[in-house]
Amino acid sequence: MPESVSTPDPSLLSINTATVRQQWRLPDIISGCAALGIRGIAPWRDQVAETGLKEAAQRIRDAGLLVSGYCRGGMFPAIDGAGRRAARDDNRRAVDEALTVGARCLVLVVGGLLKDGEGRIASKDLAGARSMVRDGVGDLLEYSRSAGMPLAIEPLHPMYAADRACINTMAQANDLCDELGDDGLGIAVDVYHVWWDRELKDQIERAGDKRLLAFHFCDWLVPTRDLLLDRGMMGDGVIDLPLIRSWMERAGYRGAHEVEIFSANDWWKRDPVEVLRTCIHRHQTVC
Ligand code: ZN
């Protein structure tokens, strides 16, 4: 930890449930976090559905956990009207679920190029996909604003532009907030996706406290062996986490530090209590 940056407040640590999803179901994750004194959680929809929405919400409340975000909505581009309506309905349900679990925001992974019915990429029109995303977010905002659930656009690393998200930088996310209005719309800053961006500091400042809705932690491993499932534990990679945190705090961010690690060959194979204890320790020592 550099001396210029203070140790993070331990109560800000939140666990994105993807981090131990291979070892535990949601009720175990909730009780495991509570038992270790972790105060926040960010559940995924499939895990909530498996437990049952009402029961999941009740267990989270009973454990006294804050919900730093709900994962996830988005995937707006669709090849036809039926697909767009399905995405719209599903995103509205995600807003409702996020309200039920008491989430601070619904995280949006916005989707990439158009896919056909079998999930194969069906178009090279990246600009077209981005305008579908703009329209989709704009449409969902009408619903989420009246429901009172903030939407957090998560820019994803450009390696996912084709298949997961064609919003790839903080600047793009800020532009979208400018265009659609940032009442109930902001950004989820995930260090894994944006650490490399030379505009990161400026774009965090541009976003400011109002738009900075979530802050996700992990680390970038060298070498990275899988585009999706080889994220590192904080401190094991090359991201200057205290530096990025200092930019977030200077911009006014006071929210959770959410650990989100997809790690098929390492952390998903370890004892989940060891994983959570490591998150607690690394949060205090390298974040
Ligand atoms: Zn994330």
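Is Cys287 buried or exposed in this model? Cys287 has a relative accessibility of 0% and therefore counts as buried. The structure is a predicted model, and the values below are computed from its atoms.

## Cysteines

Cys218 is buried, with a relative accessible area of 0%.

## The zinc site

The zinc ion is coordinated by Glu154 through OE, Asp190 through OD, His216 through ND1 and Glu260 through OE, at distances of 2.1 to 2.2 Å. The four donor atoms subtend angles of 84 to 152° around the zinc ion, so the arrangement is classed as irregular. Along the sequence, the donor residues follow the spacing E-x35-D-x25-H-x43-E. Glu154 counts as buried at 4% relative accessibility, and His216 is buried with a relative accessible area of 0%.

Glu260 is found in the loop between β9 (257-259) and α10 (272-286), and at 3% relative accessibility Glu260 counts as buried. Leaving aside neighbours within four places in sequence, Glu260 is in contact with the other zinc-coordinating residues Glu154, Asp190 and His216, and its contacts also include Asn16, Thr19, Trp44, Phe217, Cys218 and Arg231.

## Salt bridges around Arg231

Two of the zinc donors, Asp190 and Glu260, also pair with Arg231. Arg231 forms a salt bridge with Asp190, with the closest N and O atoms 3.3 Å apart. Because Arg231 lies in the loop between β8 and α9 (241-250) and Asp190 in strand β7 (residues 185-190), this pair ties together parts that are 41 residues apart in sequence. Both Arg231 and Asp190 are buried.

Arg231 also forms a salt bridge with Glu260, where the closest N and O atoms are 3.4 Å apart. This pair links distant parts of the chain, with Glu260 in the loop between β9 and α10 and Arg231 in the loop between β8 and α9, 29 residues apart. Both Glu260 and Arg231 are buried.

## Other salt bridges

Across the whole structure, a search finds 24 salt bridges. In one of them, the side chains of Glu179 and Arg134 meet with an N to O distance of 3.7 Å. Glu179 lies in helix α6 and Arg134 in helix α5, so the pair ties together parts that are 45 residues apart in sequence. Arg134 is partly exposed, with a relative accessible area of 28%.

In soluble globular proteins, nonpolar side chains tend to be buried together. The largest nonpolar core here holds 74 residues, of which Leu106, Leu108, Met170, Ile204 and Leu212 touch the most other members. Helix α5 (residues 126-147) gives the most to this core, contributing five residues. Not counting residues up to four places away in sequence, Met170 touches a set of residues including Ile187, Val189, Val194, Leu200, Ile204 and Leu212. A second, separate core consists of six residues, among them Val107, Ala152, Ala188 and Ala214.

Terms used
Residues are numbered from 1 along each chain as its sequence is written. This is a predicted model: local features need pLDDT of at least 70, side-chain atom pairs count only at pLDDT 80 or more; totals for chains, interfaces and linings use all residues. Side-chain values use heavy atoms; hydrogens and water are left out. Buried means under 20% relative accessible area, exposed over 50%, partly exposed in between (1.4 Å probe, protein chains only). Donors are N, O and S atoms within 2.8 Å of the metal (3.2 Å for Na, K and Ca); water is not among the atoms, so sites may look incomplete. Four donors count as tetrahedral if all angles lie between 85 and 135 degrees; four count as square planar and six as octahedral if opposite donors are over 155 degrees apart and all others between 65 and 115; anything else is irregular. A nonpolar core is a set of buried Ala, Val, Leu, Ile, Met, Phe, Trp, Tyr and Cys residues joined through side-chain atoms within 4.5 Å. Helices (H or I, at least four residues) and strands (E, at least two) are DSSP runs, numbered from the N terminus. Contact means heavy atoms within 4.5 Å. A salt bridge is a side-chain nitrogen of Lys or Arg within 4 Å of a carboxyl oxygen of Asp or Glu.
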